[in-house]
Amino acid sequence: MSIKKEVPIWHKTNLTIDEAAAYSNIGLNKIRELTEDEDCNFVLWVGNKRLIKRVLFDKYLSGIYSI
């Protein structure tokens, strides 16, 4: 029997779009829009799936005034 443990969002290295939205209170569409830019340093593409690098995302959010 295997027990699956959930890792808290604030301990994860990479977040899905849904997790990033819940973590930051920013909408899914806005996060997708932010990650479309080629210069976006907090997105990690795995095929067509995008993951958000949590630490860099935090730094990005702390350095901006408005989204």
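**Figure 1. Phe42, Phe57 and Tyr60 come together in one aromatic cluster.** Welcome to the first close-up of this predicted model. A pair of aromatic rings is described by the distance of the centres and the angle of the planes, so look for both as you read on. How many aromatic pairs does a search of the whole structure find? The search finds 2. One of them joins phenylalanine 42 to phenylalanine 57 in a tilted arrangement, with 5.1 Å from centre to centre and 45 degrees between the planes. This pair links distant parts of the chain, 15 residues apart: phenylalanine 42 sits in the loop between helix H2 (28-35) and strand E2 (43-46), while phenylalanine 57 belongs to helix H3 (residues 54-62). Phenylalanine 42 is buried, with a relative accessible area of 2%, and phenylalanine 57 is buried too, at 0%.

**Figure 2. Phenylalanine 42 also pairs with tyrosine 60.** Here the rings are again tilted, at 5.0 Å centre to centre and with 40 degrees between their planes. Because phenylalanine 42 lies in the loop between H2 and E2 and tyrosine 60 lies in helix H3, the pair ties together parts that are 18 residues apart in sequence. Is tyrosine 60 buried or partly exposed? With a relative accessibility of 28%, tyrosine 60 counts as partly exposed.

**Figure 3. Helix H2 has a buried side and a face turned away from it.** Which residues of H2 are buried? They are Ile31, Leu34 and Thr35. These residues cover an arc of only 95 degrees around the axis, so they lie on the same side of H2. The face turned away from that buried side carries the exposed residues Asn29 and Glu33. Among the elements covering the buried residues of H2 are helix H1 (17-24), E2, strand E3 (49-53) and H3.

**Figure 4. Threonine 35, in helix H2, is a buried residue with a polar contact.** Its relative accessible area is 0%. Which side chain makes a polar contact with the side chain of threonine 35? The partner is arginine 50, at 2.7 Å. Leaving aside neighbours within four places in sequence, threonine 35 is in contact with Cys40, Phe42, Val43, Trp45, Arg50 and Ile52.

**Figure 5. Three strands build an open sheet in the order E1-E3-E2, with antiparallel pairing.** Why is one side of E1 and of E2 left without a neighbour in the sheet? Both strands stand at the edges and have a single partner strand each, so one side of each has no neighbour there. Strands E2 and E3 run antiparallel and are joined by 4 bridges. To find your way along them, look for leucine 44, which stands opposite leucine 51 in E3.

**Figure 6. Asparagine 14 belongs to strand E1 (residues 14-15).** This residue is partly exposed, with a relative accessible area of 28%. Not counting residues up to four places away in sequence, asparagine 14 touches Glu19, Leu44, Leu51, Ile52 and Lys53. How far apart in space are asparagine 14 and serine 66, C-alpha to C-alpha? They are 23 Å apart, and 52 residues separate them in sequence.

Technical notes:
Residues are numbered from 1 along each chain as its sequence is written. This is a predicted model: local features need pLDDT of at least 70, side-chain atom pairs count only at pLDDT 80 or more; totals for chains, interfaces and linings use all residues. Side-chain values use heavy atoms; hydrogens and water are left out. Rings of Phe, Tyr and Trp (its six-membered ring) pair if their centres lie within 6.5 Å; planes under 30 degrees apart count as stacked, over 60 as edge-to-face and the rest as tilted. Helices (H or I, at least four residues) and strands (E, at least two) are DSSP runs, numbered from the N terminus. Buried means under 20% relative accessible area, exposed over 50%, partly exposed in between (1.4 Å probe, protein chains only). The arc is that of the directions from the helix axis to the C-beta atoms. Contact means heavy atoms within 4.5 Å. A polar contact is a pair of N or O atoms within 3.5 Å; within protein, one must be able to donate a hydrogen and the other to accept it, and residues adjacent in sequence count only if both atoms are side-chain atoms. Two strands pair if DSSP finds at least two bridges between them.
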